[in-house]
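Biologist: I have not looked at this one before. Can you take me through it?

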Amino acid sequence: MVLESDFKKKFCARLKKEVKPKPLAIIQYQQSSTTLAGFPDTIVFLEALTVFIEFKRSKTAKFRPGQKEWIKKLNENGHFAFVCYPENADEVLEQIKEVA
């Protein structure tokens, strides 16, 4: 089983290495009483846009309340939001490279 934190670290390292131009910043946070419930846990600032990523341990991992709704709402409003798990990591990275 892949630990979500290990997967997230490796994916973000690949983002920094492979996305051109390099991300300006990658912000990761833990859910708490001061964050919006279900909001994606990683925000990637690129030069021209912002990407939101919700990491999951596997394709079958359960969503917390509001997570799917936030991904949908962000995409509907012109942002790029993804759910990323080991099984689709290469695809998500390629999509981010295309829009960067």
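**Strands, helices and cores**

Modeller: Start with valine 44, which stands opposite valine 51 in E3. This is a predicted model, where local features need pLDDT of at least 70, side-chain atom pairs count only at pLDDT 80 or more, and totals for chains, interfaces and linings use all residues. Residues are numbered from 1 along each chain as its sequence is written, and side-chain values use heavy atoms, with hydrogens and water left out.

Biologist: In what sense do E2 and E3 pair, and over how many bridges?

Modeller: Strand E2 (residues 42-45) and strand E3 (residues 50-55) are antiparallel, with four bridges. Strands here are DSSP runs of E with at least two residues, helices are runs of H or I with at least four, and both are numbered from the N terminus. Two strands count as paired if DSSP finds at least two bridges between them. E2 and E3 form a hairpin, and four residues lie between them. Threonine 42 has isoleucine 53 of E3 as its bridge partner.

Biologist: What is the strand order in the sheet?

Modeller: The order is E1-E2-E3-E4, in an open sheet with mixed pairing. Strand E1 (25-28) and strand E4 (80-84) are the edges, each pairing on one side only.

Biologist: And how do E3 and E4 run?

Modeller: They run parallel, joined by five bridges. E3, H2 and E4 make a right-handed β-α-β unit; right-handed means that, with the strands pointing away from the viewer, the path from the first strand over the helix to the second runs clockwise.

Biologist: Why is E3 largely enclosed?

Modeller: Five of its six residues are buried, so the rest of the structure largely encloses E3. Buried means under 20% relative accessible area, with exposed over 50% and partly exposed in between (1.4 Å probe, protein chains only).

Biologist: Switching to the largest nonpolar core: which residues touch the most other members?

Modeller: Of its 17 residues, those are Phe11, Leu15, Val51, Ile53, Cys84 and Ile96. Helix H1 (4-18), E3, E4 and H3 each supply at least two residues of this core. Such a core is a set of buried Ala, Val, Leu, Ile, Met, Phe, Trp, Tyr and Cys residues joined through side-chain atoms within 4.5 Å.

Biologist: What does isoleucine 53 contact?

Modeller: Leaving aside neighbours within four places in sequence, the contacts of isoleucine 53 include Phe11, Leu15, Phe82, Cys84 and Ile96. Contact means heavy atoms within 4.5 Å.
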